[in-house]
Amino acid sequence: MRYQDIGVTGIYGAGMLLVGVAIDAVEGPLVRLREVELIARVPSQARAEIDDLARREGAAVRVNWSGDPEIAAWGVSVGTALEYGLSSEGHSERKDRMITSALFVSAELAEAPYEAGPVMHWCDVREREKNSGSWPVKTDQERSHWDWSPQKAIGPLRFGMTPQQVADALGGEVPAGRQGHFPYWWWRSGAAGQWTLTDDRFEQTGVSAHYSYPEGLPVLGAVTVHGRTGPQIAYAGIQLIGATPSRLDAAMLQHIEDHDLGLLFTPSGSPIPPGLQMDMNATRAGDGAISEVTFASADWEL
């Protein structure tokens, strides 16, 4: 249950009893463990203080699925999210760094919080890319450069392709991870049911393919180009991949003003001109954030 006004999510187990609490990085309350502030911190600083406290108290620190510290003895698993703030005009804007969030769980879930059923119903990370705790970023010289035809194609990938055609267009690369869902959550336990493919992640190319089902079969509806490893895409001379969010937003706003194009905002809060059907997201690079972009077909809902 999400308590939007205070940035808290309650996670409930059998009998609707509370077994976990997730604290949002931007909107949630500040939480202190001993002298260590856990929420809205620069990740590397929080990690150093957590390691020091764990060393003094004899607690073991491990790395969770996102590459952040997790301490079973305390029932806490740290995460991160992009920082937002207010502009000089008073509206919300993206910043250029990541800040910490946290998941707190009861003792019976502490050994493997993200493998516990109640947590998986809130956030299922089993098919997501696992991180070892480092975030290397390709230079622009190391990236391939793709063309983009808005709402039609991105590089060799045309919207409307089947999953097999997508893999063939990427040189036969096998997806490093696949995400999907069953119509009903209880089918995961072994009952019969049709699994629906939603996403393929291609680590070598640095993209993820997202599928829709307009006629009952999966076809490519959108492509996310990964910020750290994906090919470079340019729009009106603006490099869209791997830029800091504030620099990319400023360049896009300037382009819109210079050409009087009209202004829309993406679901993540970035300015774009009409007709592009894209969302400019951010991904982690150490303590900082860099841009990655989802490009979509005309009928894809961003």
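The model is a predicted one, in which local features need pLDDT of at least 70 and side-chain atom pairs count only at pLDDT 80 or more, while totals for chains, interfaces and linings use all residues. Residues are numbered from 1 along each chain as its sequence is written, and side-chain values use heavy atoms, with hydrogens and water left out.

Side chains of opposite charge can pair when their charged atoms come close. With a salt bridge taken as a side-chain nitrogen of Lys or Arg within 4 Å of a carboxyl oxygen of Asp or Glu, the count comes to 17 salt bridges. One of them joins Asp68 to Arg284, with the closest N and O atoms 2.6 Å apart. Asp68 lies in the loop between strand E6 (62–63) and strand E7 (69–71), and Arg284 in strand E22 (residues 278–285), so the pair ties together parts that are 216 residues apart in sequence; helices (H or I, at least four residues) and strands (E, at least two) are DSSP runs, numbered from the N terminus. Both Asp68 and Arg284 are buried, where buried means under 20% relative accessible area, exposed over 50%, and partly exposed in between (1.4 Å probe, protein chains only).

Another salt bridge is formed by Glu57 and Arg34, whose closest N and O atoms are 2.7 Å apart. This pair links distant parts of the chain, since Glu57 sits in helix H1 (residues 43–57) and Arg34 in the loop between strand E4 (32–33) and strand E5 (36–37), 23 residues apart. Glu57 is partly exposed at 37% relative accessibility, and Arg34 is partly exposed with a relative accessible area of 49%.

Asp52, at 32% relative accessibility, counts as partly exposed, and a network of salt bridges links Glu35, Asp52, Arg55 and Arg56.

E10 and strand E18 (residues 232–235) pair in the parallel sense over 2 bridges, and Ile233 in E18 is the bridge partner of Trp146.

Definitions and conventions: Pairing = 2+ DSSP bridges.
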